[in-house]
Amino acid sequence: MERFWLVLAIFAFFLLCVWGMYVGWRRKSRSQSAQVPPFPAIPEDAGEVLLESTGVYLATTTAGNWQDRIVTRGAGLRTGAVWRLHDGGVAVERGGAPDFWIPRDAVTGIRRDTKIAGKVMGTDALLVITWRLGGADLDTGFRGDDLDDYPQWIEQLKIKGGAQ
């Protein structure tokens, strides 16, 4: 009987921890929804696809703060994704989460990186686009299936977007 109460106490503690994480996630989401405007929808007439990569959408964070994940409006969900570059911007199509659009004129930088919220890798295996949404500067991270696509993404967005 003593073991039963110990197991019950451990299980109750586990549930309390899960509940605390849920409450914290919801509080962060509500706070960010006032600071970060809704992500733009992919336009119907996005135009011709210039470049396409498949992989995993990792996260969007505040620019320069790789651990400050944006969780509002489904942006905090890691999902399989397809990135498509169009003349007007980048379509981020995510399986099981809302798709969004990064306008080309909002892109302020693109780089290879080793880390973004919840993901750290030993090589420059992540592609991170820095962009402006309303008054917020954001970093959106992607782990492509084919890392050889990254130089093309960087070149395309540097030439036409003025990104550094």
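**Reading charged pairs and buried residues**

Tutor: Arg111 is partly exposed, because its relative accessible area is 30%; buried means under 20%, exposed over 50%, and partly exposed in between (1.4 Å probe, protein chains only). The model is predicted: local features need pLDDT of at least 70, side-chain atom pairs count only at pLDDT 80 or more, and totals for chains, interfaces and linings use all residues. Residues are numbered from 1 along each chain as its sequence is written, and side-chain values use heavy atoms, with hydrogens and water left out.

Student: With which residue does Arg111 meet in a salt bridge at 3.2 Å, N to O?

Tutor: Side chains of opposite charge can pair when their charged atoms come close. A salt bridge is a side-chain nitrogen of Lys or Arg within 4 Å of a carboxyl oxygen of Asp or Glu. Here the partner of Arg111 is Asp139. Arg111 lies in strand 5 (residues 107-113) and Asp139 in strand 9 (residues 136-144), so the pair ties together parts 28 residues apart in sequence. Strands (E, at least two residues) are DSSP runs, numbered from the N terminus. Arg111 also forms a salt bridge with Asp113, with the closest N and O atoms 3.1 Å apart.

Student: Is Asp139 buried or exposed?

Tutor: Asp139 is buried, at a relative accessible area of 4%. Asp113 also counts as buried, at 13%.

Student: How many salt bridges does the structure hold?

Tutor: The structure holds five. Glu52, Arg84 and Glu93 are linked in a network of them.

Note on methods:
Helices (H or I, at least four residues) and strands (E, at least two) are DSSP runs, numbered from the N terminus.
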